[in-house]
Amino acid sequence: MSIGNFFLILLNTIVLVSGQFLFKFGLNGKDISFQSVWSIIRLLFSPYIFSGLFLYALATVLWLFILTRVPLSIAYPIQSIAYILAVFGAYFVFNEPLTFYKILGCIFIMIGVSFIGLAGQQ
C-alpha cells in the first residue's frame, strides 16, 4: 500500500471522527426525545448534527474511492485508528477520563494495525 493511500485512509478516519464529535456537540446538554418523528427530524437538522451527517456523507464518498485502490482487509483495520483519535479527542475536547485500560486498548489497536500493515506489504 502506498503512503498516499495510507493518508487517504487517515483523512477518511479524521473526517469520520470529526463527524462523531459534531454529533456529541449537538447532543451535549440537551434533553433529546426520540418519541416522535418530528423530534428526530428537528434533531437531524440541528447545525451540529447536520454538519456531522454531511461529514459522514463526505467520508462515505472518500471511502468508496479508497476501496477502489486498497484491499478491504487492509483499509478497514487501518481505519480502526478512529478509536484512538476518539479516546484522546474525547479526553481533550469533552474532558472524558483517560484511564489505564483505555490507553492499553489503544496500544493494542496500534499493535494490531501495525501487524496488518506489515502483512499487507508481503
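Author: From the N terminus on, the elements run α-α-α-α-α-α. Keep in mind that this is a predicted model.

Reader: How many helices and strands does the secondary structure come to?

Author: Six helices and zero strands.

Reader: What are the dimensions of the box that the C-alpha atoms fill?

Author: Roughly 50 × 35 × 20 Å, taken along the principal axes.

Reader: How do you know that H1 has close to its expected span?

Author: Count its residues: H1 has 25. The expected span is 1.5 Å times one less than that number. That comes to 36 Å, and H1 reaches 36 Å from its first C-alpha to its last.

Reader: What comes just after H1?

Author: Gly29, which takes a positive phi of about 70 degrees.

Reader: Which residue has a positive phi although it is not a glycine?

Author: Asn95, at about 55 degrees. Asn95 is in the loop between H5 and helix H6, residues 100-121.

Reader: Why is Asn95 called exposed?

Author: Exposed means over 50% relative accessible area. Asn95 has 66%, so the label is exposed.

Reader: Now the rings. How many aromatic pairs does a search of the whole structure find?

Author: Nine. One of them is formed by Phe23 and Tyr56.

Reader: Why is the pair of Phe23 and Tyr56 called tilted?

Author: Start with the distance. Ring centres must lie within 6.5 Å to pair, and here they are 5.4 Å apart. Next, the angle. Planes under 30 degrees apart count as stacked and over 60 as edge-to-face.

Reader: What does the pair of Phe23 and Tyr56 tie together?

Author: Parts that are 33 residues apart in sequence, because Phe23 lies in helix H1 (residues 3-27) and Tyr56 in helix H3 (residues 47-67).

Reader: Are Phe23 and Tyr56 buried, partly exposed or exposed?

Author: Buried means under 20%. Phe23 has 17%, so it is buried. Tyr56 has 27%, which lies between the cut-offs of 20% and 50%, so Tyr56 is partly exposed.

Reader: What makes Phe25 and Phe94 a tilted pair?

Author: The two rings are 4.9 Å apart, centre to centre, with 55 degrees between the planes.

Reader: Which residues do ring pairs link into a cluster?

Author: Phe21, Phe25, Tyr48 and Phe94.

Reader: What makes a set of residues a nonpolar core?

Author: Its members are buried nonpolar residues, joined through side-chain atoms within 4.5 Å. The largest core here has 11 residues, including Leu8, Ile9, Trp63 and Val113. The elements that give two or more residues to this core are H1, H3 and helix H4 (72-78). In soluble globular proteins, nonpolar side chains tend to be buried together.

Reader: What does Ile9 touch?

Author: Leave out residues up to four places away in sequence. Then Ile9 touches Met1, Ile66, Val70, Ala75, Ile78 and Gln79.

Reader: How do you know that Thr13 is buried?

Author: Thr13 has 1% relative accessibility, and the cut-off is under 20%, so Thr13 counts as buried. Thr13 lies in helix H1. The Thr13 side chain reaches the backbone oxygen of Ile9 at 2.8 Å. With residues up to four places away left out, Thr13 touches Gln79, Ile81, Ala82 and Leu85.

Reader: Why is Phe50 called partly exposed?

Author: Phe50 has 44% relative accessibility, between 20% and 50%, so partly exposed is the label. Phe50 is found in helix H3. Beyond its neighbours within four places in sequence, Phe50 is in contact with Leu44 and Phe45.

Reader: What share of the 122 residues counts as buried?

Author: 30%. The protein exposes about 8,100 Å², and carbon and sulfur atoms supply 73% of it.

Technical notes:
Residues are numbered from 1 along each chain as its sequence is written. This is a predicted model: local features need pLDDT of at least 70, side-chain atom pairs count only at pLDDT 80 or more; totals for chains, interfaces and linings use all residues. Side-chain values use heavy atoms; hydrogens and water are left out. Rings of Phe, Tyr and Trp (its six-membered ring) pair if their centres lie within 6.5 Å; planes under 30 degrees apart count as stacked, over 60 as edge-to-face and the rest as tilted. Helices (H or I, at least four residues) and strands (E, at least two) are DSSP runs, numbered from the N terminus. Buried means under 20% relative accessible area, exposed over 50%, partly exposed in between (1.4 Å probe, protein chains only). Contact means heavy atoms within 4.5 Å. Accessible areas come from the Shrake-Rupley method with a 1.4 Å probe; for residues, only the protein chains shown count as cover. A polar contact is a pair of N or O atoms within 3.5 Å; within protein, one must be able to donate a hydrogen and the other to accept it, and residues adjacent in sequence count only if both atoms are side-chain atoms.
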